[in-house]
Amino acid sequence: MRKSWDAYFMDIAREVASRATCDRKHVGCVLVKDKYLIATGYNGSVGGLAHCDEVGHMIVNGHCERTSHAEANAIVQAAKHGVSTDGATAYITASPCWGCFKLLASAGVGRLVLRGVLPGRAHLRGGPPTGHRAGGHVGPLPRLSESPAGIRGKR
Ligand SMILES: [Zn+2]
Ligand SMILES: [Zn+2]
């Protein structure tokens with residue numbers, strides 16, 4: 001059977017993740033619009049700066065601060081090349097953190113396809129996490145789709 005578009009693009013995101021340079025987390029993200037791949041991103045350092053796998057991590061409060069997250073890097077790549085992300089679908093090999101979720105929502109990404117949703121990522125299900133709910137208007141948030149059966153859990 002021919003694989004679905006969701007499975008196809010998630011496979012590409014997994015391939016992109018293999019380029020990540022911080023081994024604390026290998027994540028890949030691809031942005032797709034009208035079945036057209038517009039940008040890719042993986043966890044990595046700012047271009048031209050040292051990578052974790054060369055010089056070690058930059059741990060601050062238990063997180064590695066050296067790298068930008070895959071989702072942010074995909075949005076940055078689109079911005080750098082002047083490609084609109086409005087209405088795009090993001091395929092991500094992990095569950096986006098609140099910071100990346102905000103970027104994706106603000107960039108107009110309309111749908112997220114994830115390899116399973118991590119517990120503690122409540123913002124993916126019902127809007128901002130507790131403490132971030134300031135009462136202001138939140139624009140349309142991306143719809144959530146978990147990746148098709150058969151992909152999740154495979155590494
Ligand atoms: Zn690192
Ligand atoms: Zn993130």
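Author: Two strands pair if DSSP finds at least two bridges between them, and strands here are DSSP runs of E with at least two residues, numbered from the N terminus, as are helices (H or I, at least four residues). This is a predicted model, in which local features need pLDDT of at least 70, side-chain atom pairs count only at pLDDT 80 or more, and totals for chains, interfaces and linings use all residues. Residues are numbered from 1 along each chain as its sequence is written, while chains are lettered from A and ligands numbered from 1 in the order in which they are written.

Reader: How many bridges join β1 to β2?

Author: There are 6, and the two strands run antiparallel. V30 has T40 of β2 as its bridge partner.

Reader: In what order do the strands of the sheet lie?

Author: The open sheet has 5 strands in the order β2-β1-β5-β6-β7, with mixed pairing. Its edge strands, β2 and β7 (143-146), each pair on one side only.

Reader: Turning to α1, which of its residues are buried?

Author: F9, M10, A13, R14, V16 and A17 are buried, that is, 20 or more other C-beta atoms lie within 10 Å of their own, with C-beta atoms placed from the backbone (exposed is 12 or fewer, partly exposed in between).

Reader: What do the buried residues of α1 pack against?

Author: They pack against β1, β2, β5 and β6, where contact requires C-beta atoms, placed from the backbone, within 7 Å.

Reader: And which residues does I92 touch?

Author: Leaving aside residues up to four places away in sequence, I92 touches A13, V27, C29, A70, E71, L112 and L114.

Conventions
Contact = placed C-beta atoms within 7 Å.
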